[in-house]
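Colleague: I have a few minutes before the group meeting; could you put the model on the screen and talk me through it?

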Amino acid sequence: MLYNEEKIGKILGYKTWSDRRKIHELLHMDCSIYANLGTDSTNKDRQQARINSKKIYTAIKTLDPVMGGDFLRLMDKK
């Protein structure tokens with residue numbers, strides 16, 4: 001499943017959803033990205049997953065600066 005900035009922006013734009021629900025959906029997207037990586041995934045696939053995660057965590061940071069900042073900081077430690 002492809003996750004791009006358009007889908008992230010769409011989730012952020014929902015006015016009827018609470019910030020908690022938006023964060024939940026974004027984290028669900030991130031989880032799905034890594035769940036679909038397997039032993040047959042190429043390095044390019046893994047790099048793209050990391051890039052998409054960074055976009056998701058940046059979006060989370062707009063909703064909850066502490067949580068998003070923590071995710072981005074932990075991502076940079078790897």
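This is a predicted model: local features need pLDDT of at least 70, side-chain atom pairs count only at pLDDT 80 or more; totals for chains, interfaces and linings use all residues.

Colleague: Fine. How many helices and strands does the protein chain have?

Modeller: The protein chain has 4 helices and 0 strands, where helices are DSSP runs of H or I with at least four residues and strands are runs of E with at least two, numbered from the N terminus. The pattern along the sequence is therefore α-α-α-α.

Colleague: And what radius of gyration does it have?

Modeller: The protein chain has 13 Å, which agrees with the value near 12 Å that a compact globule of 78 residues would have; the radius is taken over C-alpha atoms, and the globule rule is 2.2 Å times the number of residues to the power 0.38. Along the principal axes, the C-alpha atoms fill a box of roughly 40 × 25 × 15 Å.

Colleague: Switching to burial, what share of the residues counts as buried?

Modeller: Of the 78 residues, 31% count as buried, meaning under 20% relative accessible area, with exposed being over 50% and partly exposed in between (1.4 Å probe, protein chains only).

Colleague: Now the rings: how many aromatic pairs does the structure hold?

Modeller: The structure holds 2 aromatic pairs, counting rings of Phe, Tyr and Trp (its six-membered ring) whose centres lie within 6.5 Å, with planes under 30 degrees apart called stacked, over 60 edge-to-face and the rest tilted. Tyr-14 and Trp-17 form a tilted pair, at 4.4 Å centre to centre and 55° between the planes. Tyr-57 and Phe-71 form a stacked pair, at 5.0 Å centre to centre and 25° between the planes.

Colleague: Why does the pair of Tyr-57 and Phe-71 tie together separate parts?

Modeller: Tyr-57 lies in helix H3 (residues 43–63) and Phe-71 in helix H4 (residues 65–77), so the pair joins parts that are 14 residues apart in sequence.

Technical notes:
Residues are numbered from 1 along each chain as its sequence is written. Side-chain values use heavy atoms; hydrogens and water are left out.
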